[in-house]
Amino acid sequence: MNSPMSVRPWSLVVVAAATGLAILAPLSASGQFPLPHAAHFFGHLLTVIMLADLVVRWRASGSFAAYTTRWFLVDLAGALPLGLMTGVPVLEVIRLIKLARVVQTMQDLWSAHIDKWNTFRLVYSAIWIGFLVHWLSCGWMALRAMSPSMDAAGNTYIRSLYWVVTTLATVGYGDIVPRTDVETIYAVLVMLAGVGMFGYVIGNIAHVITNLHPSRVRYIETMEGINAFMEYRGIPAALQHRIRGYYAYRWEKRLGFDESAILNDLSVSLRGEVSLFLKKDVIEKVPFFNGASEELVREISLAMRPAVYMPGDAIFRAGEQGQEMYFIGRGEVEVLGKDGTSVQAVLRDGDFFGEGALVLGQPRSATVRAVGFCDLYALDKAAFEIIIQRHPQFAAHIEAMIKERFGSHR
Ligand code: CMP
């Protein structure tokens, strides 16, 4: 749906009003049910809401020309009390076209809350089945009224509802039977609808029961694949344990989503905004970024790639060629001394490391090891160099850091 967010709460009011209409309109269209006073008042209220909706949509589309003909006709048909205006009650049924707006709003809600899709599905199908039963009852009530002498007891809504439910459910007690040709055809149609509805309900419920959250399904599938692979290649049990731990952590923190792949799929401007948002936890923690220009922060956030390390993992070792520098989003790392065991420094959330090799063009000066689980963001050499060239203040900051870290003994 392309209506602005501000229309949302109003859309829900319209959904409620259209639901009222779905109940009331067929009742008055049948012309048989003596509507109480309150129902008349309610009917007028619905008409007012529908008319207001016409105005709201009109204004929301900016101009009348932007209001598509199709939707204008839907809103207009829903707003006019046709039965009352023409004196032909059956014309009220036309107003049900307005239910198209319900479908539209529901689809919108679905896509926004796809995680609650199963609940939606159940509630939504229950509501439509309720509508169907009600409409069929009204139809039967109207048909019965055409031949009243034949069945004295069949003239109320409750009796019609009873007949529709027994027929739809294919129970068919046979105490109320079609007498005229039209009634017989109607009964056949209701039975056919019953068969279809049965399949629909069973299908929906089966789907809800078997369907897990999609990302959980993906996790299970990934783990099955990994387990099979590890077994096939005879990976030692301890290593298997670590690999499972890695996936479990990734699943827990990111639901197993591949952020980079999702970002790459977006348009350029969306990608910038989303990556800023996703990386804002680390951006807020790095003190330097607080004073940096928005452009620099955006550029760095776009280039940063998430990486997860497990307790004890070496992120890199002394002497290796450096291809990346890292920002710590969450976790703790140790910088080890030349001997490979003494701890020279401990870096935490918001710190960065690995800049030395990139700036000085020398091998890694130390081994850096994850203490606990670490959420890092890596910035590769090419992106680092471009950013350094374009943003002298970032270059100066890195330079200062190198001086502070390495002092004169490098
Ligand atoms: P690099 O030389 O690429 O690889 C080792 C990294 O450890 C180095 O970059 C720095 O980021 C970091 N590092 C080295 N010495 C220290 C120190 N004394 N305190 C904090 N970090 C350090």
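Helix H1 (8-30), helix H2 (37-60) and helix H4 (82-86) each contribute at least two residues to the lining of the second largest pocket, and since the coordinates come from a predicted model, everything said here describes that model. Of these contributions, the largest share comes from H2, which gives five residues to the lining. Sorted by class, the lining of the second largest pocket consists of eight nonpolar, six polar and two charged residues.

The axes of H2 and helix H3 (residues 69-79) come within 8 Å and cross at roughly 160°; because angles over 145 degrees count as roughly antiparallel, H2 is roughly antiparallel to H3. The crossing of these two helices, H2 and H3, is left-handed. On the H2 side the contact is made by Thr47, Met50, Leu51, Asp53, Leu54 and Arg57, and on the H3 side by Phe72, Asp75, Leu76, Gly78 and Ala79. Taken together, the residues of the contact of H2 with H3 divide into six nonpolar, two polar and three charged.

H1 and H6 pack with their axes 8 Å apart and at an angle of about 10°, which makes H1 roughly parallel to H6. In this contact Thr19, Ala22, Ile23, Pro26, Leu27 and Ser30 of H1 meet Phe131, His134, Trp135, Cys138, Met141 and Ala142 of H6. The residues of the contact of H1 with H6 divide into nine nonpolar, three polar and no charged.

H6 also takes part in a pairing with H5. The axes of helix H5 (residues 99-112) and helix H6 (residues 117-146) come within 11 Å and cross at roughly 170°, so that H5 is roughly antiparallel to H6, and H5 passes H6 in a left-handed crossing. From H5, the residues Leu99, Val103, Met106, Leu109 and Trp110 meet Trp117, Phe120, Arg121, Tyr124, Trp128, Phe131 and Trp135 of H6. By class, the contact of H5 with H6 holds eleven nonpolar residues, no polar residues and one charged residue. Phe131 and Trp135 of H6 are among the residues that meet H5, and both are also among those that meet H1.

The remaining feature to consider is the largest pocket, which has a volume of about 480 Å³. Its lining is made of 21 residues, and those that lie nearest the centre of the largest pocket are Val335, Gln344, Ser365, Ala366 and Phe406. The elements giving two or more residues to this lining are strand S4 (333-336), strand S5 (343-347), helix H16 (355-360) and helix H18 (392-406). By class, the lining of the largest pocket has ten nonpolar, six polar and five charged residues.

Methods
Residues are numbered from 1 along each chain as its sequence is written. This is a predicted model: local features need pLDDT of at least 70, side-chain atom pairs count only at pLDDT 80 or more; totals for chains, interfaces and linings use all residues. Side-chain values use heavy atoms; hydrogens and water are left out. On a 1 Å grid over the protein atoms alone, a cavity is a set of points where a 1.4 Å probe fits but cannot get out, and a pocket is an open set with protein on both sides within 12 Å along at least five of seven lines; lining residues have an atom within 4 Å of a point. Grid points are joined across faces, edges and corners, and a volume is the space filled by probe spheres set on the points. Helices (H or I, at least four residues) and strands (E, at least two) are DSSP runs, numbered from the N terminus. Ala, Val, Leu, Ile, Met, Phe, Trp, Tyr, Cys and Pro count as nonpolar, Asp, Glu, Lys and Arg as charged, and the others, Gly among them, as polar. Axes are lines fitted to C-alpha atoms, for helices over the stretch in contact, and angles run from 0 to 180 degrees between N-to-C directions. Angles under 35 degrees count as roughly parallel, over 145 as roughly antiparallel, 65 to 115 as roughly perpendicular and the rest as oblique. A crossing is left-handed if the near helix is turned anticlockwise from the far one by less than a right angle, and right-handed if clockwise. Contact means heavy atoms within 4.5 Å.
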